[in-house]
Amino acid sequence: MYHSTSSVEEDNSFSVLFPAAMTLLANVHAVSWFTCQGDTKLIVETIMTQINARPLLEASFNCSDGCSAHFPAQLSSIEGRESFSLTNIFLAGQHATGVASAVSRIISRSPGLIRLEIDTGYYAATIAAPSLHDILPKNMNLPPLSIESLSLRCMRTLLDAETLYHLRSLKSLSIHFNLTTTIQGSLLFQIWETLRKESIHLTKIDVNLTDVDDSLLDYLTSYDGIQQIVFDNSARLWSRHDEAIANRFFDDVLPRVSRSLQSLHLVTISPGAWCFGKNNASSIAQCTRIEELTVSIVDIVQTHSRGTLLGGTHKKTLRRVCRYLNDIVEHQLFSNIVLKYSNYQPDLICEQLEALASRTTTARTHARSLEIRGFSPDSHLGARSRSRSVERNRNSRSRSRGPLAEAHSVNRGLLAHLGQAICSLRKVQEVWWHVGMSDPEWVQIVVMDSLASLPALGELRISLGGGSASSLKLEQLTDLRKITITGYCPHYRRDVVSGLRTLISNSPRLTHLDVGYNRTDDSEISTLHDLLGAVPLDTPLGLNNLTLRGWCVRLDADTLPHLRSLSSFSLHINLDARGYTPSDLDDSAHEELLRRTAAYSSSTEEIWDTLKEERICLKELSTDEVSDALLDYLASFSGLQQLTLTSATAASARKSDALAMKFYDDVLPRHANTLVSLDVCPVYEGKWCFGKHNAASLLQCSKLSNLKIHINSEEINRAKKQDVVWSLLEVAEDLPNLSQLSISSADSESNRGGRSGSNPSIGHIYRVNKEISQSVTTFGPIDSVGVSKIITTPARDYVAKSDQEAGNGLWYRSSMSQGSHLEL
C-alpha cells in the first residue's frame, strides 16, 4: 500500500520507478487497490494498464478513502474480466456517479465474467439507491453472462426476466443490507421464492443471521447440494429474533443438508437458540463432510460471566459446551484412522494400538474409515529397497537400532494389541488393507478375525503386495456392499477366489465388485462363475458396478440375474479360454484349464451382444478391446455418461479406421447429450485420433467436462498455421462445460507389428509429445471462455496466464508457477 503526497509528482524518479516496478510483478494473480483522492494520473494509468493487460488477474477496488478525478475514466477502460470486485462506490464523493457508470460498462464488456462482488456503500433504501438492474446488461439479444458467484451489499435487488437472464449459472450468492423499495427492490423472502421457483440451486449462501426466515429455510430444503452456509451477524445488528427459526434450522434443515455441507458459519451477538449447545450439538454432528465450522457460545459468556471471571458453576457449564464442541471436532479429526509401521518412530504403532485396545482414547468412537498398512519394519519400501535393507543389516556390525533391529519388539507389541485395537473400532464402515509382502502370517489371521467382529463394516478394499495370502480367510466376513481386491499373490485361486466366492454369497446387499489381474501363472485363471456361482438365483445380487481384469467372463442364466441393475462396467483383458494358448503350461495342465473354464468363457463380442439383447444400458463403460459388436451395443441406447476406450485398434489400419469412423459418426451422437467424460486412447495413429473428421461430433457433446484424446503427428504444422493441436484447442473453447483436456500421441502406424516399447516407438512418441507441448504454448491469445480449462500433456499441465513476451491477452503456460497477492 502506498500513500500519495504532493512531493510524489515532483520526484522525477518515481515516474520511472513505479511503472517499472509494476511491470515486474508478472506472477501476481490478485491486486487489491485502495484508491485515494491524491492518486495522480501516472499512478492510475500505470495500475490500470497492468490490470487491463491481464484478464485473469483478480482485481478489487476499494474507494473508502475516495478517488481522484482520473479514476472513473480509467476504470471505464477495463474489459474482458473473469472476476471483478468494487467496494464503497458511493464513498468516492463527487466521482461516485462516474464510478457507478464505469462498473456497468466493465460488466457489459466482460462476457466471461463469473465472479462479481459489489458493495455500494449506499445505505438509504430509496429509489435513488443503486440496483442490480443498473449494473447488469439489459440487451437480452446478446448472449447472457455466466455469473457463478455474486456478492451484493447495500443494493436494491429484484430477480426478474432481465436479471435472471444472467444468473442461470449462479452457484454462490451473498446478500447483505438488501435495500427494499417499491421499484427494483425486492424483499429477501421474494428472492428466495424466486430462486426456488426458477430451480437455481446454490452451493453457497451468505446472509446476515438476522435476515434468516422461513422462506430461506424452505429454499434450503427444496434441493440437495448446498455446501457452504454463512449466517453471520458480525455487523452486530439487533432484531427481535424468533427462536423458532433457529430451532427449525437445527431440527429440520441441517439434517437435510448434512450430507453435502462442507462449511457452516454461524455468528450471533446475543444469547439464544443460534448459539452452540446441547440442543443443536447432535444436529451439527450429523454433518460428516464438514471441513470448516464456526459457532458462537456467546450465551454462556454473556449469561454467566456478568462482567467478571467465570465462577465454579459457570465454568462447569462452559466446559460442558466445550465438550459438545470437542465431540464434533474429534468426529471429523478421527473419522479416518491409519495403522502402519514407521521406521522413524518404530514404537509409535505399538503405542497407538495399546491406546485403542485399552479404550483410553475416544478416537475409536469416531472412526468410520480404517486403513491398515504393512506391519513389517521395511513394509514401506519397494522391492529393491527391501533387498538392500536386508543386505545392509545382514552385513552391519553396528549396535544401533536400525529398522530390522526393532522387528522383534514391534511384533510383540502388535501381537499383544492388534486384534483388540481393531475390534474397538465398532463404527468403522470402510477398510483398506495393504497386505505387505513381508507381513507375518499371524497378522492376516488376527486382522481377519478382528474385521469379522466389526458390525458396521460394509466396504472392503484389499491391496495384495505379492506375498502369501494363505491366511486371508475372506469367508469369515459377511454382508459387505463394496469389495475391491487388487494386486497379486501366489496361489490366488486357492487363497483368494474360494474365500471371495463365499463372501459374495454371504453379501446379499453387494453392489460394487472390483477384482483385478491377480494371477501369477496361467493355472490360476478364474471365471466370473467362480465368483457368483454360490449366490442363490432366487435372490440374485443387485450389482451396479462391476470391474473385471484378466478373468473369463460368460453372461448366461447363472450370471445375468446378478447384472440386471448394472450401470458401470469395466472389462479389461477378457480371457476366452477356448482360443487362449497359455505359454507356461504343459499339455495336461492346458487340458485341465480348458475343462475348468471353457464352458464359462466367451469372446468380448459375445459379451456386448448379450448386453444388447438383454437391454442392459450402462452409464459408465471402460474396455480395452473395440469391435463392431461393442459399437453396435453402444449405438443401441442413449444416456452414457463416462466412456473409456483404451488400446483402441484393430488387426489392420483399414479396419481400425473403419471402427473409428463408425464410432464418431454413429455412436458418439447417441450419447452427446449426456456424456461427461470421454477417454479415447488408440494404439496407433489414424481416425481414432482427433482431426477434421470427428471435430463436429465432439462439438455435439455439450456436457463434456473431461476429454482425453490423441492426435496424428503429421497434422502438426505450426509453420503453415494448420496445426491439429490448435484446432483441438479451438474445439475445447467451444465446449462450454469442458474443464480438462488431455492431449497425447499415439504410436506411428509404421510401427504396427513391432515390439511394444521398442526404440522406434519410444522415439516417435517422445518427439510428438514435445511438439504437442510447443503447440499448446503457442496457441493464443485465448478467449475468456478458456480461462478455466486445464490442458494436460504428457510433459505437464497448462493453464491460462498472462505472458507479456508472447503478447497481450492470455496464453497456456505451465501450472507449476504460482503467483502472489499485491495490495496497493
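The conversation below sets values for this chain against the definitions of the terms.

Mentor: Two remarks on the basis come first. This is a predicted model, in which local features need pLDDT of at least 70 and side-chain atom pairs count only at pLDDT 80 or more, while totals for chains, interfaces and linings use all residues. Residues are numbered from 1 along each chain as its sequence is written, and side-chain values use heavy atoms, with hydrogens and water left out.

Trainee: What is the mean pLDDT of the chain?

Mentor: The pLDDT is the predictor's confidence in each residue, from 0 to 100. Its mean over the chain is 84, and 86% of the residues reach 70 or more. Where pLDDT is low, the predicted coordinates should not be read in detail.

Trainee: How many helices and strands does the chain have?

Mentor: There are 27 helices and 27 strands. Both are DSSP runs, numbered from the N terminus: helices are H or I over at least four residues, and strands are E over at least two.

Trainee: Why is H512 called buried?

Mentor: Buried means under 20% relative accessible area, exposed over 50%, and partly exposed in between, with a 1.4 Å probe and protein chains only. H512 has a relative accessible area of 18%, and therefore counts as buried. H512 is in strand β16 (residues 512-515). Contact means heavy atoms within 4.5 Å. Leaving aside neighbours within four places in sequence, H512 is in contact with R481, K482, I483, T484, L543 and N545.

Trainee: What makes Q37 count as exposed?

Mentor: Q37 has 62% relative accessibility, so the term exposed applies. Q37 lies in the loop between β1 (30-36) and α3 (41-53). Beyond four places in sequence, its contacts are D65, G66, C67 and S68. Q37 and G66 are 29 residues apart in sequence, yet their C-alpha atoms are 5.5 Å apart in space.

Trainee: Is D723 buried or exposed, and how do you know?

Mentor: D723 has 2% relative accessibility, so D723 is buried. This residue is in the loop between β22 (706-711) and α26. Leaving aside neighbours within four places, D723 is in contact with E715, I716, N717, R718 and S775.

Trainee: Which residues of helix α8 are buried?

Mentor: In α8 (residues 188-197), they are L188, I191, W192, T194 and L195. They cover an arc of only 160° around the axis, so they are on the same side of α8. The arc is that of the directions from the helix axis to the C-beta atoms. Their cover includes α7 (161-164), β6 (172-176), β7 (204-207) and α9 (214-220). S199, which follows α8, has a positive phi near 55°.

Trainee: Why are the buried residues of α22 said to line one face of the helix?

Mentor: Helix α22 (residues 604-613) has T604, I607, W608, T610 and L611 as its buried residues. Seen down the axis, these fall within an arc of 160°, so they line one face of α22. They pack against β18 (568-572), β19 (620-623) and α23. Just after α22, R615 takes a positive phi of about 55°.

Trainee: What makes α26 oblique to α27?

Mentor: Helix α26 (residues 724-733) and helix α27 (residues 759-778) pack at an angle of about 55°, with their axes 9 Å apart. Axes are lines fitted to C-alpha atoms, for helices over the stretch in contact, and angles run from 0 to 180 degrees between N-to-C directions. Angles under 35 degrees count as roughly parallel, over 145 as roughly antiparallel, 65 to 115 as roughly perpendicular and the rest as oblique. The angle therefore makes α26 oblique to α27. The contact is made by V725, W726 and L729 of α26 and I772, S775, V776 and T778 of α27.
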